[in-house]
Amino acid sequence: MTLSSTIDKARSLPDLLRNRDGELTQELVLRPGEFGLGKVPARLQPDATTTVVCGFCSTGCGLNVHLKNGQAINLTPTTSYPVNLGMACPKGWEAITPLHAPDRATTPLLRNAKGELEPVDWDTAMQVFTVRFKAIQDQFGKDSVAWIGTGQICTEEMAFLGALGKFGMGMIHGDGNTRQCMATAVAAYKQSFGFDAPPFTYADFEQSDVIVLVGSNLCIAHPIMWQRVLRNRNHPEIIVVDPRKTETAMAATQHYAIAPKSDLKLLYGLAHILIERGWIKRDYINAHTSGFDDFAAFVKGFTPETVAPECGLSVEQLLHFAETIHRGQRVSFWWTMGVNQGHEATRTAQAIINLALMTGNIGRPGTGANSITGQCNAMGSRLFSNTTNLLGGHDFLNSAHRTKVASLLGINAAVIPDQNSLAYDQIVQGIDDGKIKGLWMIATNASHSWIHQSKFAQTLKKLDFLVVQDMYHTTETAREADLVLPAAAWGEKEGTFINSNDGSVS
Ligand code: SF4
C-alpha cells in the first residue's frame, strides 16, 4: 500500500464513523437558537421565548420555554435565575410533557340526566356553576359551599381564588392540600416566631459549614437544592437524620439511622448535651428568646444514656453529633416531610428551631431552622389564598386586619369573614355530616390522595354539587364530578413573550 492510498483511506474513515446524511441527521442538526439560547436542534428553532418557574417540586427553578407559533416546543434552564443557576433536574427537563397528555381536559363537562359527563360550552358551564352554588347557599347558608385547593397554582391565582371564594361568593370555608404537608411547619413557625416564614435562602446551602438534614432526602426530592449543597466550598459536615439509608444519607458525612418515631427524643437529647456542656450562646438566648430556663429544665431528663438506646444510637454517636453542631461556625438545620408528616411533628419542628436558637445559628448566612416544602407554591397557598389566614398573613378574627385588607382591596370590610375556615379534614367531615353541600375542588385529586379512599368516595356522594377544576378529566375526583372545568396548565397561560422578529415584548 502506498503512502497516498493510506492517507486516502484515513480521510474516508470519519465517513464510516459519522454519517452526515443518515436517518437521524435532521434530528441532530444544531442551529443558533437566538434569545441567548446558544445552539438548539434545528427542528426546534423557537420564534419566541418566555420564562416560567418549574412547578414540579418546591425548589422553584427558572426555565426558559422555547415557543413556536405560541406553542411550547422545548425548554432550557435559565442560566441567570438565582435558584437553579442554569441547572434543572430530570423532572424540570420534562416540564413540557404533561401539556401534551392525551387525557387533557379541553372542554367543560357536565353530568347529564343519564348520569354521564358530556361536553358543554363555557357559557353553560359558568351558568351551571353560579346557579347551582348560589341555590345551595340560598337554601343551606353561605357556609354550605366550600373549596379545596392546592399548592400547585401560582400566587396570583391563589389570591384571586381566595378573594373570589370568600369576598365574592361569600364562602367561609376553603383550604388547600398544603395543610396536609405544611401544617406542622406553619404551626411551629407561628408559635416560635409569631409568623409563618421559613428564614432561609438557597445561598445558605453554600455557606454553611455544618448542614443538618432531618427527614429529608434532598438528593431525590429537591435535586437542585442538593446541587446547591454540592457547590458548598467549605467542605461541610453533612448530617442526615433518617431511619432509611437514603441517597442523601449515603452521600452524608454522618448518617444517624434512628429508630422510627425517635426524632423528637434525639433532638431533646442533643439540646441536653449542648446545655450541659455550655455549648450554647447565652447572649443570644437572653437577647432574643423567652422561656429558655423552663426548656433547659424540661430537657434535663433527656440524658445521653436514656436517649441513645431509644434512638438506636450509641452515646458516642450522640456526643459526636452534638459536638459537630458545637464546632460549626454556620450550622443550618433543614427538615421536610419526614418531620412534617411524622410523629409529634410540630414539637419535632420546634425542637429543631430550638437547637438553632440556643446555638445562635439563626439570622446569619449559612444558618437557620429551615423547613423545605413539597409543592411548588405551598407558601402562596398558606399566605395568599385566604385559607389558613386572611390575605398576606393577616387574621380573619382581627377587625383591624379586616379593615386594612378591605381598604387595600377597595372592598367593603363586611364581606370579609370574621371567622377562620374549617381545615381540609374538617371540610371533609362537614360533607360527611351534611353541613357542606357544594364543593369546588381545584388542581388536586382528593379521591386519590385523601385517606380512607373508599370512605371518601361515599362522602363525595353526599354532595349536592361537586365541581372539579383540573388539567385532566380522568382524575379519580373528576370522574365523580357534576361539572368538570378544564384548566390551562403553566405553559398555556398568559405571560411575557419575546418576539424573535423585532425583539418586542408582549
Ligand atoms: S428541582 Fe424541582 S423545581 Fe427544579 S427542575 Fe427539578 S422538579 Fe423542577
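## A walk through the predicted model

Start at strand β9. His173 and Asp175 point one way from this strand, Gly174 and Gly176 point the other way, and all are buried. Keep in mind that this is a predicted model.

What does β9 pair with? Its partner is strand β8, residues 145–149, and the two run parallel over four bridges. Tryptophan 147 has glycine 174 in β9 as its bridge partner. Glycine 149 stands opposite glycine 176 of β9.

Step back to the whole sheet. It is open, has seven strands and mixes its pairing, in the order β7-β6-β17-β16-β15-β8-β9. Which strands stand at the edges? They are β7 (117–119) and β9 (173–176), and each pairs on one side only. From one strand to the next, the twist averages 15 degrees.

Next, look at β17, residues 483–486. Leu483 and Leu485 point one way from this strand, Val484 and Pro486 point the other way, and all are buried. In the sheet order, β17 sits between β6 and β16. How does β17 run against β6? Strand β6 (residues 109–111) and β17 are antiparallel, joined by two bridges. Leucine 110 has leucine 483 in β17 as its bridge partner.

Now turn to another sheet. This one is open as well, with five strands in the order β12-β11-β10-β13-β14 and parallel pairing. β12 (254–256) and β14 (368–371) are the edge strands; each has a single partner strand, so one side of each has no neighbour in the sheet. On average, neighbouring strands here are turned by 15 degrees against each other, direction ignored. Inside the sheet, look at strand β10 (residues 210–214) and strand β13 (residues 331–335). They pair in the parallel sense over five bridges.

How is the chain divided into domains? Domain 1 covers 28–102 + 498–506, domain 2 covers 109–177 + 378–488, and domain 3 covers 183–371. Between the C-alpha centres of domain 1 and domain 2 lie 33 Å. The chain as a whole has 22 helices and 18 strands. Along the principal axes, its C-alpha atoms fill a box of roughly 90 × 80 × 45 Å. Of its 506 residues, 43% count as buried.

The ligand comes next. Which of the 14 residues around the ligand come nearest? They are Cys54, Cys57, Cys61, Cys89 and Gly92. By class, the shell holds eight nonpolar residues, five polar and one charged. Domain 1 (28–102 + 498–506) and domain 3 (183–371) each give at least three residues to this shell. Two helices also stand out in the list of suppliers. α3 (90–93) and α9 (223–230) each bring at least two residues to the shell.

Finish with two single positions. Arginine 282 belongs to helix α12, residues 282–288. Is arginine 282 buried or exposed? It is exposed, because 11 other C-beta atoms lie within 10 Å, and the cut-off for exposed is 12 or fewer. Phenylalanine 292 is ten residues from arginine 282 in sequence and 9.8 Å from it in space, C-alpha to C-alpha.

Glycine 342 is in the loop between α16 (337–340) and α17 (345–358). Why does glycine 342 count as partly exposed? It has 19 other C-beta atoms within 10 Å, whereas a buried residue needs 20 or more. Alanine 287 stands 55 residues from glycine 342 in sequence and 32 Å from it in space, C-alpha to C-alpha.

Conventions: Residues numbered from 1 in each chain as written. Predicted model: local features only at pLDDT ≥ 70, side-chain atom pairs only at ≥ 80, totals over all residues. Near = placed C-beta within 6 Å. Nonpolar A, V, L, I, M, F, W, Y, C, P; charged D, E, K, R; others polar. Domains from an automatic or database assignment. Pairing = 2+ DSSP bridges. Axes fitted to C-alpha atoms, helices over the stretch in contact; angles between N-to-C directions.
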